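The points are grouped by topic.

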Amino acid sequence: MIKPYKILGFLTAILLLLLGIAWFVPQNVYKIGNFALRYPTFQSIQAKLIGDIALKKDTSLIHIATITIAKVDSLPVKTEKQNSNQPKIDTLITDDQSNKISAEIIKGKIIPIEFADSSRSALKNFFKSLSEGRSTTGQIHVLHFGDSQIEGDRVTMFIRSALQSKFGGNGVGVIPGYPQSYQPLNVKHSASGDWRYTSLFDGSDDVNQYGLLGGITEIEDGSEGEKIEFKKIGKDNRSNQFKQLRVFYGKNDSTYVMELGVNETTLDAEILPKKANITQQIFKIPITADDIELEFTGKGPLTVYGVSMESEHGIYVDNIPQRGNSGTAFTKFDSNFSQIIFNLLNVECVILQYGVNVVPGNLNNYKYYEEILYRQIKTIKSFKPNISVILIGVSDMSRKSGDKFESYPSIEKVRDAQRNAAFRAGAAFWDSYKAMGGRNSMPKWVNANPPLATKDFTHFNFRGSKLIAEMFVSALLNEYSNYTAQLTENANSNLSQVNKTTAISNGTN
C-alpha cells in the first residue's frame with residue numbers, strides 16, 4: 001500500500017518541476033519538432049496565488065463594473081442638462097471613486113449605428129412611422145430575431161421598455177402558443193392538453209415554412225378542449241398591463257370554438273371558422289385580469305402561430321430567439337405567409353442579432369457567411385416594402401488560451417462579414433463587439449463586480465443584457481433625434497423660402 005506522504009511527495013515534486021520549467025523557460029510553450037508542450041507561465045501561477053492586482057486596478061472596468069440595475073419600467077431619469085443631440089439615457093451608472101451618477105461615462109460609450117450611405121436611408125421608414133405618431137394611433141411592431149443570446153426576452157425586454165417609455169405601449173408582444181423554457185419576467189405561461197410545439201431549432205418542413213414567429217403550436221384533435229394559460233406576476237408595469245390578446249391561428253379543417261376565461265370566469269367565446277392560412281382573433285382583456293385562459297375545442301387539427309399580449313396602441317418589440325441558428329432561416333419561410341404576418345403586426349423594423357454560433361469555426365474567410373446573410377436580409381425586405389432592418393453584430397467571445405481567456409481569432413472576421421452583408425442589403429449595422437470594448441473585452445464583463453456575462457465567456461447575463469441593450473437604444477434614439485432635427489431644419493428652410501417668395505411677390509404687386 002502506498003503511503004499518503006509518498007503521494008504528497010510525488011505531487012510536490014511534479015509541482016516543483018513545473019515551476020522550474022516555467023521559471024527557466026519564460027514562454028508558455030516548449031516545442032519538440034511538431035509537438036508543442038503548453039504549460040502555465042511562472043507569472044500566471046504567481047498571479048493565481050496572490051491575486052491579479054493589475055486586473056483589479058484596470059480603470060477600463062470602471063464604466064461596466066458598477067452597474068446598478070434598475071427595475072425595467074422605473075428607470076431613473078437623468079436630471080442634468082442634456083445636449084439636444086444626445087438621446088435620453090434611462091439608466092444609472094456609478095463611478096467607483098465618486099459613487100455618483102457619471103453621465104460622461106455613458107456618453108463615452110455611445111457607439112453609433114453605421115450606415116452604407118451618408119443619407120442614412122436604412123432606418124428612414126422606421127423613423128418616419130415614429131415621427132408621424134403611428135404608435136399613438138395604432139401599433140408598430142419590431143421583430144427582434146436572434147440566437148441564444150436573446151433567449152428568455154434578454155436584451156429584447158430592455159429595448160422594448162425603453163421604446164415603450166418614449167412611444168407608448170403595454171405588453172410583451174408576441175410569444176409562442178406553447179410555453180418555452182425561458183419566459184418573459186412578468187408573465188407565467190403554461191398549457192395543458194395534447195399540444196405539440198415545434199421550434200425553428202427542430203427544423204421540420206412545416207416550421208421552416210411557417211415558424212416565422214419562432215415556432216408553431218399544433219393540436220391534432222381538440223375534441224376534449226386544449227388550454228393555454230397566462231398569469232401576471234410581479235408588480236404592475238408595462239410588460240403585464242396589456243389590454244388585449246391577439247391569437248394567430250390557422251390550418252383548422254373544421255370549425256373551432258375559442259373560449260376566454262379571466263380570473264376563473266368565462267368572459268367571451270368566439271367561433272373560429274375553417275382557415276387554410278394564418279388569421280387572427282382579438283380578445284379584449286380587463287385591466288383587473290390576473291389569470292387568463294384560452295380553451296380551444298373542435299375536431300381535427302389546429303395550428304397556433306403565436307399569441308400577442310398588447311394594447312391597441314404603442315410600439316412592441318417581439319422576442320424571437322432561434323437557439324443554435326446563425327440567422328440563416330429566413331429564406332426558408334413561405335413568402336405569402338410571411339407577408340401576411342408582417343401586415344397583421346404592422347412590422348416597421350426587424351432587428352437581427354446573430355453570430356455566436358459562427359465564430360467557433362475559426363475560418364480564414366467568412367465570405368460565404370456574408371453571402372448567406374445578404375440573402376437573408378434581402379428576403380426579409382421582400383416581406384414588406386420599405387421595411388427597416390438593423391443587424392446587431394456579434395459580441396465578443398472568449399476561449400481558454402493557456403491560463404487565461406482570449407477572444408476567438410475569427411471574431412472580427414465574422415463581424416466584418418456581418419457589416420458587409422448589412423450594407424450591401426440596405427440595412428443598418430451596430431457593432432456590439434466594439435461597444436463591449438473590442439478584443440478580449442468578454443473576460444472583463446465576466447469578472448466585473450457584479451458580473452455582466454456568464455462563465456461560458458459567450459453569453460450576457462441579465463445585467464449584461466440590460467447594459468448592451470441600453471447602449472444599443474442610446475445609439476438608436478440618437479439617430480432618431482438626428483432624423484427629427486433634420487426634419488425640423490428642412491421644414492424651417494421650406495417655410496423661410498415660402499416667406500421670401502411671398503415677400504417678393506407682395507413687393508412686385
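**Helix α11 and its surroundings**

Helix α11 spans residues 367–383, 17 residues in total, and its first and last C-alpha atoms are 25 Å apart, close to the 24 Å expected at 1.5 Å a residue. The model is a predicted one.

- The buried residues of α11 are Tyr 369, Glu 370, Leu 373, Gln 376, Ile 377, Thr 379, Ile 380 and Phe 383.
- In an α-helix, residues three or four places apart point the same way, because there are 3.6 residues a turn.
- Helix α11 lies across β16 and β17, and runs at about 150 degrees to β17.

**The parallel sheet**

- Strands β16 and β17 belong to an open sheet of five strands with parallel pairing, in the order β15-β3-β16-β17-β20.
- The edges of this sheet are β15 (314–321) and β20 (428–430); each has a single partner strand, so one side of each is left without a neighbour in the sheet.
- From one strand to the next, the twist averages 20 degrees.
- Strand β3 (residues 139–146) runs parallel to β15 and is joined to β15 by eight bridges.
- Across this pairing, His 141 stands opposite Tyr 316 in β15.

**The antiparallel sheet**

- Another open sheet has five strands in the order β5-β8-β13-β10-β11, with antiparallel pairing.
- Here β5 and β11 (265–272) are at the edges, and each has a single partner strand, so one side of each lacks a neighbour in the sheet.
- Neighbouring strands of this sheet are turned by 15 degrees against each other on average, direction ignored.
- Strand β5 (residues 187–192) is joined to strand β8 (residues 222–232) by six bridges, and the two run antiparallel.
- Ala 191 stands opposite Ile 228 in β8.
- Seven bridges connect β8 with strand β13 (residues 291–298), again in the antiparallel sense.
- Glu 226 has Phe 296 in β13 as its bridge partner.
- Strand β10 (residues 256–262) is joined to β13 by seven bridges, and these strands run antiparallel.
- Gly 261 has Glu 293 in β13 as its bridge partner.

**Aromatic pairs**

- The structure holds 17 aromatic pairs.
- One of them is formed by Phe 127 and Tyr 483, a tilted pair with 5.7 Å centre to centre and 50 degrees between the planes.
- This pair links distant parts of the chain: Phe 127 is in helix α6 (residues 124–131) and Tyr 483 is in helix α15 (residues 462–508), 356 residues apart.
- Phe 127 and Tyr 483 are both buried.
- Ring pairs also link Phe 127 and Tyr 483 into a cluster with Phe 126, Phe 167 and Tyr 480.

**Charges over rings**

- The charged end of Arg 424 sits over the ring of Tyr 374, at 4.3 Å from the ring centre.
- The charged end of Lys 232 sits over the ring of Phe 242, at 5.0 Å from the ring centre.
- Lys 232 falls within the residue range of β8 (residues 222–232).

Notes
Residues are numbered from 1 along each chain as its sequence is written. This is a predicted model: local features need pLDDT of at least 70, side-chain atom pairs count only at pLDDT 80 or more; totals for chains, interfaces and linings use all residues. Side-chain values use heavy atoms; hydrogens and water are left out. Helices (H or I, at least four residues) and strands (E, at least two) are DSSP runs, numbered from the N terminus. The expected span of a helix is 1.5 Å times one less than its number of residues. Buried means under 20% relative accessible area, exposed over 50%, partly exposed in between (1.4 Å probe, protein chains only). Rings of Phe, Tyr and Trp (its six-membered ring) pair if their centres lie within 6.5 Å; planes under 30 degrees apart count as stacked, over 60 as edge-to-face and the rest as tilted. A charge sits over a ring if NZ of Lys or CZ of Arg is within 6 Å of the ring centre and within 35 degrees of the ring normal. Two strands pair if DSSP finds at least two bridges between them. Axes are lines fitted to C-alpha atoms, for helices over the stretch in contact, and angles run from 0 to 180 degrees between N-to-C directions. Contact means heavy atoms within 4.5 Å.
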